[in-house]
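This report describes one protein chain from its atoms. The sequence and structure come first, and the description follows.

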Amino acid sequence: MKVAIHPSWKKELADEFEKDYFKNLTEFVKVEYNANTCYPKGSDIFSAFDHSTFSNTKVVILGQDPYHGVGQANGLSFSVNDGIQSPPSLQNIFKEIEHDLGKPVPNSGNLERWANQGVLLLNATLTVRAHQAGSHQKKGWEQFTDRVIEIISSEKENVVFLLWGGYAKKKGAKIDSSKHLILTSGHPSPLSANRGYWFGNKHFSKANTYLKENGKEPIDW
């Protein structure tokens, strides 16, 4: 696995790439991609870091696994490729944006437009075997993405972290809440959203208010 990643992130994560766990992870991913159908495609594994450079990152949205269906995953959490129907969680994200900001639900579920504005769409695990959710968990990705969160927390200020669901909230332990905004709610999946744990969180307007208060451009959600 060649680590094709934006130079700004490569500088921050250079030490991580040299650690034994990451070398073992690299070998695991190579074997998996050679032997099985895996997602996203190899060139998109680090896509989140290419669209949102280290200096530009001002919002972090944490997901868990990439989508494991055909043609869905594009390396950005919750995002799907153009032409792919938005999965239920993403539909609920768009519904909340519509409720919160009055913006109509978009035709495409491709969130590159967010990423290009400085939204790091980070999955805890960056790869998955086709049709097997969680198949690449506990292989080293979680340690890597924990480190990403720690570096953002320690080296940047006034970043908004959107933590949806129990899994994302646990990773929030790595974040310094005295210098960043942490917004938590239930997961946008139908199971959580339909029980009242998602809709009405107003995370998108709250994030933009915080960014503006700290002299940063708000996100065009």
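## Surface and overall dimensions

The protein chain has an accessible surface of about 10100 Å², and carbon and sulfur atoms hold 47% of that area (Shrake-Rupley method, 1.4 Å probe; for residues, only the protein chains shown count as cover). This is a predicted model, in which local features need pLDDT of at least 70 and side-chain atom pairs count only at pLDDT 80 or more, while totals for chains, interfaces and linings use all residues. Residues are numbered from 1 along each chain as its sequence is written, and side-chain values use heavy atoms, with hydrogens and water left out.

Along the principal axes, the C-alpha atoms occupy a box of roughly 45 × 35 × 25 Å. The radius of gyration of the protein chain is 17 Å, which agrees with the value near 17 Å for a compact globule of 221 residues (taken over C-alpha atoms; the globule rule is 2.2 Å times the number of residues to the power 0.38).

## Secondary structure and annotation

The protein chain contains 9 helices and 6 strands (DSSP runs numbered from the N terminus: helices are H or I, at least four residues; strands are E, at least two). An unreviewed UniProt entry places the feature "domain: Uracil-DNA glycosylase-like" at residues 49-211; such annotations may be inferred rather than shown by experiment. Over residues 49-211 the chain is 34% helix and 13% strand.

## Nonpolar core

Of the 221 residues, 52% are buried (under 20% relative accessible area, 1.4 Å probe, protein chains only). The largest nonpolar core has 61 residues, and Phe49, Ile61, Trp114, Phe144 and Trp221 have the most contacts inside it (a core joins buried Ala, Val, Leu, Ile, Met, Phe, Trp, Tyr and Cys through side-chain atoms within 4.5 Å). Helix 6 (residues 141-155) gives the most to this core, with 6 residues.

Beyond its neighbours within four places in sequence, Trp114 is in contact (heavy atoms within 4.5 Å) with residues including Ile61, Phe204 and Trp221.

## Aromatic pairs

The structure holds 19 aromatic pairs (ring centres of Phe, Tyr and Trp, its six-membered ring, within 6.5 Å; planes under 30 degrees apart are stacked, over 60 edge-to-face, the rest tilted). Trp9 and Phe54 pair edge-to-face, at 5.2 Å centre to centre and 85° between the planes. Trp9 lies in helix 1 (residues 7-17) and Phe54 in the loop between helix 3 (47-51) and strand 2 (59-63), so the pair ties together parts 45 residues apart in sequence.

Phe204 and Trp221 have ring centres 5.0 Å apart and planes at 75°, so this pair is edge-to-face. Both Phe204 and Trp221 are buried.

Definitions and conventions: Buried means under 20% relative accessible area, exposed over 50%, partly exposed in between (1.4 Å probe, protein chains only).
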